[in-house]
Amino acid sequence: MAKLTKNQKAVAGKVDSAKQYTLSEACELVKEITFTKFDSSVEVHINLGVDPRKANQMIRGVVTLPNGTGKTVRVLVLCTPDKVDEATAAGADYVGLDEYIDKIKGGWTDVDVIICTPSVMAKVGAIGRILGPRGLMPNPKTGTVTMDVAKAVKDVKAGKIDFKVDKTGIIHAAVAKASFSAQAIQENASALINEVIKLKPQTLKGTYLQGISICTTMSRGITVDIKSLQGGAEK
């Protein structure tokens, strides 16, 4: 049996795998068990009692995290010339159309979010097979296909994230950095959880929220007590 490192022993003494913690306790604890030399992302994993194969149970949404993500988000806006100045002034990192579509066809995807106007969707659709698997395809449901590109850019830069349930029925989302205060982590996690709760399908039978855990990039998961979240996440 491999010996535990000093940090692993410290974590083992802090987290009770059989216990369910309130969200506030979990957010305090996740900071205490993070020992990476880099600023780890704080992730929330929500196990839902849905069948993603059914259209009315494909949970997907967007939420603006009150304290931002802690990450520098690189934004590409694909638009016609009349929207270039608007997108640039709003803080987009890259703005253009044909030249970036050609770059993407050549393998360039060095961005985190792509926003476009409805009028260029036909051209963007041509690179959908490249963008889709990377989670970069613009979508009206997430606010990334819009005429108001300035607002879309500002929202993303301010901490707006999109999320969706995977094929196993779980939502995975990075909501903060380990350097955030426990209060800021809790506020961000609450915003996500509350939004997921609002998206519960009206026709769903059975338990919707089946499990929630919080962790950092390389830490163990901390189980959150779902009963403390019924009717909305903790304030």
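Keep in mind that the model is predicted.

**Cysteines**
- The disulfide count is zero.
- Cys27 isn't in a disulfide, and the nearest cysteine sulfur, that of Cys215, sits 12 Å away.
- A disulfide needs sulfurs within 2.5 Å, so at 12 Å the sulfur of Cys215 is too far from that of Cys27 for a bond.
- Cys27 counts as buried because its relative accessibility is 0%.
- Cys215 is buried too, with a relative accessible area of 9%.

**Helix 8**
- Helix 8 covers residues 182-198, and its end C-alpha atoms are 24 Å apart, in agreement with the 24 Å its 17 residues should span at 1.5 Å a residue.
- Its buried residues include Ala182, Ile185, Gln186, Asn188, Leu192 and Asn194.
- Those buried residues pack against helix 2 (23-32) and a set of strands, among them strand 1 (41-48), strand 7 (170-177) and strand 8 (209-216).

**Nonpolar cores**
- The largest nonpolar core has 40 residues, and Ile46, Leu48, Leu192, Ile212 and Ile214 have the most contacts inside it.
- Leu192 touches Val44, Ile46, Val63, Phe163, Ala173 and Val175, leaving aside residues up to four places away in sequence.
- There's also a second, separate core of 16 residues, including Leu78, Ile104, Val111 and Val124.

Key:
Residues are numbered from 1 along each chain as its sequence is written. This is a predicted model: local features need pLDDT of at least 70, side-chain atom pairs count only at pLDDT 80 or more; totals for chains, interfaces and linings use all residues. Side-chain values use heavy atoms; hydrogens and water are left out. Buried means under 20% relative accessible area, exposed over 50%, partly exposed in between (1.4 Å probe, protein chains only). Helices (H or I, at least four residues) and strands (E, at least two) are DSSP runs, numbered from the N terminus. The expected span of a helix is 1.5 Å times one less than its number of residues. Contact means heavy atoms within 4.5 Å. A nonpolar core is a set of buried Ala, Val, Leu, Ile, Met, Phe, Trp, Tyr and Cys residues joined through side-chain atoms within 4.5 Å.
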